[in-house]
Structure formats: structure tokens, C-alpha cells
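Hi,

Here is the model I promised to pass on.

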Amino acid sequence: MNRDTLKQIMVDQKDIYLNNPLIARHYPLEENINYCFVGIRRCGKSYMMYQQIQTLLEKKIPLSQIVYVNFEDERLLEMTSDDLNTILEIGLELAGTGNKPYLFLDEIQNIDGWEKFVRRIADMKYRISITGSNSKMLSSEIASTLGGRFVIMNIYPYSFAEYLIANGKEKNYLDTISTSDKAELLAQYNEYVTYGAFPELVEIKNKRTFLSSIYQTVYLGDIITRNKITNDFAVKLILKKIAESITKPLSFTRLTNIAKSAGTSLGKQTVINYVGYMNDSYLIFPLTNYAAKLVEKETSPKYYFMDTGLVGLMLLDCKSAQLENLVAIELVRRYGMGNVFYFENNVEIDFYVPDEKLAIQVSLQVLDCLDTRERETRAFVKLHNFIPDAKCLIITNSEEASIECDGILISVLPAWKWLLETP
């Protein structure tokens with residue numbers, strides 16, 4: 001790639017991070033660590049870099065030492081791994097004699113062979129952060145290449161606390177609040193659940209249209225085009241069925257049968273591949289059964305979308321599904337993807353976090369619906385046969401109480417309060 005053209009692009013892109021207002025994200029960042037930020041498109045990975053850059057500028061690091069390149073720029077479409085070293089050369093030129101540039105490489109997975117360059121730069125003791133929207137960045141081969149040089153940080157759309165701050169609502173809503181404050185909070189919460197929490201959504205009035213554009217970018221770009229899929233109808237069908245099945249396990253065999261019944265002949269391995277591509281794009285994520293054997297864990301997970309607004313694009317009556325999906329996102333945000341499960345072994349528990357011995361059921365309401373209350377509380381009684389000291393929590397849309405069933409204390413919390421509590 002032409003060196004002068006690349007240099008001009010790098011200079012042009014400074015406006016991206018200099019002119020973007022920042023909402024500080026609640027992720028702990030250390031100064032002398034190289035980070036790899038990963039997550040679904042538009043979730044705020046780039047803003048993590050802008051946050052790092054702002055910190056450097058506040059510490060009087062000259063702007064000339066900041067090197068930021070966004071590889072989504074259409075002018076970089078023909079760039080190859082051989083051109084990456086030119087970025088370093090230009091960075092050294094701009095930084096001046098004796099100064100090392102700080103490198104921020106955005107959506108670097110667009111460049112084949114990027115990982116060897118990044119490892120070399122890290123070995124040369126440059127501070128470097130990278131982002132990516134495809135989990136293949138973290139394949140065992142690449143992880144081995146980067147091994148020990150980067151901290152992998154999963155970035156999610158806004159937490160509810162971040163969402164409130166982004167909307168200018170910075171009160172402590174866990175303290176006693178007025179009726180008007182409560183109404184304001186619930187309005188924010190309802191919008192948060194309905195339309196999700198992609199950061200840019202805060203400033204947009206037509207939220208559904210914006211959500212649809214994000215979905216199309218992930219669906220067409222990161223799933224269909226990237227993986228050269230010709231049967232896009234089958235992918236749409238599988239995604240629709242996953243959305244309809246958010247509250248229950250869904251096996252590859254069942255997905256294969258559904259595709260066949262719709263007139264689409266797909267082999268089971270193809271279905272497995274398609275779902276894998278959806279996982280790779282961070283559009284969905286699986287939670288496995290804590291009580292199952294290894295093979296069953298992998299073949300019958302529960303799937304959730306990375307943002308509740310995406311669920312609303314696919315389903316009409318989706319309040320229950322969105323609430324459970326919201327809880328799933330918050331749990332993996334707090335405890336990590338590999339530390340959250342569901343539990344099914346003669347008893348069905350929506351979520352279980354082994355490290356916390358925390359069992360959670362999700363229901364729109366339980367206190368005024370006797371059948372639902374009986375079902376959810378009896379599930380905890382059965383769970384105590386397997387995990388006697390499990391902490392039991394029911395997350396609802398708006399109810400709050402403490403109830404007891406056969407000597408087991410069960411907390412009932414509205415989702416908004418649970419979301420704002422420090423775990």
C-alpha cells in the first residue's frame with residue numbers, strides 16, 4: 001500500500017478519537033498492559049481505546065505519539081499484513097527521535113496474518129491495544145501466538161448503570177428516591193430492556209432502525225459474507241428459532257429437523273457450523289447445563305443474544321424472553337462466560353453460578369400468580385437436594401420481597417435493582 005496514502009489516513013483518523021465525547025466504561029484498565037478488546041460490533045470496543053488515549057493525553061503524552069488505525073476504513077480494504085510494519089514506521093516518524101508510539105489497532109481481524117505482527121510489536125515492548133469483532137481472533141492457534149502478551153477483555157453493550165450515566169441520570173437510585181425519580185428510573189429501564197444498550201443508541205430517536213442496521217451488519221458481514229454462506233434463508237431460520245427458544249435448551253438435532261421441516265435440507269454438521277459462525281460474530285452466546293455430562297453440555301445449550309434489543313427485532317411478544325436474556329448478559333458480564341450455567345437435573349433452574357453458589361429464576365411476576373410462585377419456589381426446594389447451600393434469587397420485572405418455602409429463604413428482586421447492585 002502506498003506509504004503517503006496510509007500516512008494521510010492515519011492523520012485523518014485522529015479526528016475519530018479526538019472529537020468523540022466519552023462515557024467512561026466500567027472496565028478496570030491498567031496502564032502498562034496490552035489489551036485485546038473483543039465483542040459484537042458497535043458495543044463500544046473502540047471507545048475503550050479512546051478512553052486509553054484520553055488517559056495518555058491527560059498524562060501529557062504528546063498527540064504525535066498516538067497511533068490509531070481503524071481497519072474498517074474502506075481505503076484500507078487492500079491492505080495486507082506486509083503493510084502493517086509501515087504503520088509502525090510512520091508512527092516512529094511522527095513520534096520523533098527517541099519516542100516510542102502507542103499503537104491502537106481497531107478491527108484488526110480484517111487483516112489476514114495480523115497476529116504475527118502484533119506479537120512482534122509486543123515483544124519489542126511497545127504498548128499496543130487491538131480490537132476485533134470475531135471470536136476466531138481467540139482461536140487456540142492465535143491465542144498461543146499472543147500468549148502472555150495481551151489481556152483479553154470481553155466488551156459488552158452498556159450495563160444499566162452505564163446506560164443511566166449516558167442518559168444523564170447519575171443519581172443513586174438504590175437509596176430512597178421520590179415518586180418522580182422512580183418513574184424516571186423505570187422509564188429508563190423499560191427502554192433499556194426493549195431497545196438494548198448499544199452505546200450509539202442513546203443519541204438516536206429511531207432506535208429500531210438503528211438496531212436493524214447493526215443486525216444486518218453482523219448478519220451479512222460477519223456471518224454470511226465472511227463465511228461464504230449461500231443459503232442465507234437457513235441462517236435466518238436458525239436465528240429465528242434460537243430467538244424463540246431463549247428460555248429453554250436447543251439441540252443441534254432439533255435445529256436440523258426444524259430446517260428440514262421448512263424445506264431446507266441441511267446436514268447436522270452444517271447446522272453446527274452455522275451456529276458456530278453466529279457465536280464467532282458475538283451475535284449469540286451459549287450457556288451449558290451445569291448438571292449434564294460433557295457431551296450433553298456441548299450439544300444442548302441455551303442460547304442468548306448479546307443484546308436484548310436484537311431479541312425484539314425477531315419476536316413480537318418477547319417481554320419474558322428479553323428479561324431472561326437481560327439477566328444472562330449481566331451474569332456473563334459480572335462472572336465471565338465460562339462461569340455461568342443453567343441447571344437441569346429433574347429440576348429446571350434458569351441460571352447457576354457455581355463460584356457464588358447462586359441460583360436464579362427469572363419471571364415477569366411471581367407474587368400475585370400462585371401457579372408461577374409455586375413452580376419457581378418448588379424448583380429451589382428440589383435444587384437443594386443437589387446443592388444444599390445454594391443462594392436463591394428470583395428476578396422479576398417489578399416485584400420485591402423475601403419469601404420462604406420449606407425453610408429455604410428466597411429473595412425476590414426487580415431487575416432494575418439487581419442490575420444496579422454491586423455483585
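F37 is buried, at 0% relative accessible area, where buried means under 20% relative accessible area, exposed over 50% and partly exposed in between (1.4 Å probe, protein chains only). Y35 counts as buried too, at 3%. The rings of these two, Y35 and F37, are stacked, with centres 5.6 Å apart and planes at 10°. For the cut-offs: rings of Phe, Tyr and Trp (its six-membered ring) pair if their centres lie within 6.5 Å, and planes under 30 degrees apart count as stacked, over 60 as edge-to-face and the rest as tilted.

Before I go on, this is a predicted model, so local features need pLDDT of at least 70 and side-chain atom pairs count only at pLDDT 80 or more, while totals for chains, interfaces and linings use all residues. Residues are numbered from 1 along each chain as its sequence is written, and side-chain values use heavy atoms, with hydrogens and water left out.

Back to the rings: the structure holds 15 aromatic pairs. Another stacked one is Y215 with Y219, centres 5.6 Å apart and planes at 15°. Both of these tyrosines are buried. They sit 4 residues apart in helix α9 (residues 207–225), which puts about one helical turn between them. Helices (H or I, at least four residues) and strands (E, at least two) are DSSP runs, numbered from the N terminus. There is also one aromatic cluster made of Y290, F341, F343, Y352 and F386.

Two lysines have their charged ends over rings: K100 over Y126, 4.7 Å from the ring centre, and K302 over F351, at 5.6 Å. That requires NZ of Lys or CZ of Arg within 6 Å of the ring centre and within 35 degrees of the ring normal.

Now the sheet. Six strands form an open, mixed sheet in the order β8-β9-β10-β11-β13-β12; two strands pair if DSSP finds at least two bridges between them. β8 (341–344) and β12 (401–405) are at the edges with a single partner strand each, so one side of each has no neighbour in the sheet. Strands β11 (residues 391–396) and β13 (residues 408–414) run parallel and are joined by 5 bridges. I395 has L413 in β13 as its bridge partner.

Finally, helix α15: 15 of its 17 residues are buried, so the rest of the structure largely encloses it. Just after α15, G336 takes a positive phi of about 95°.

Cheers
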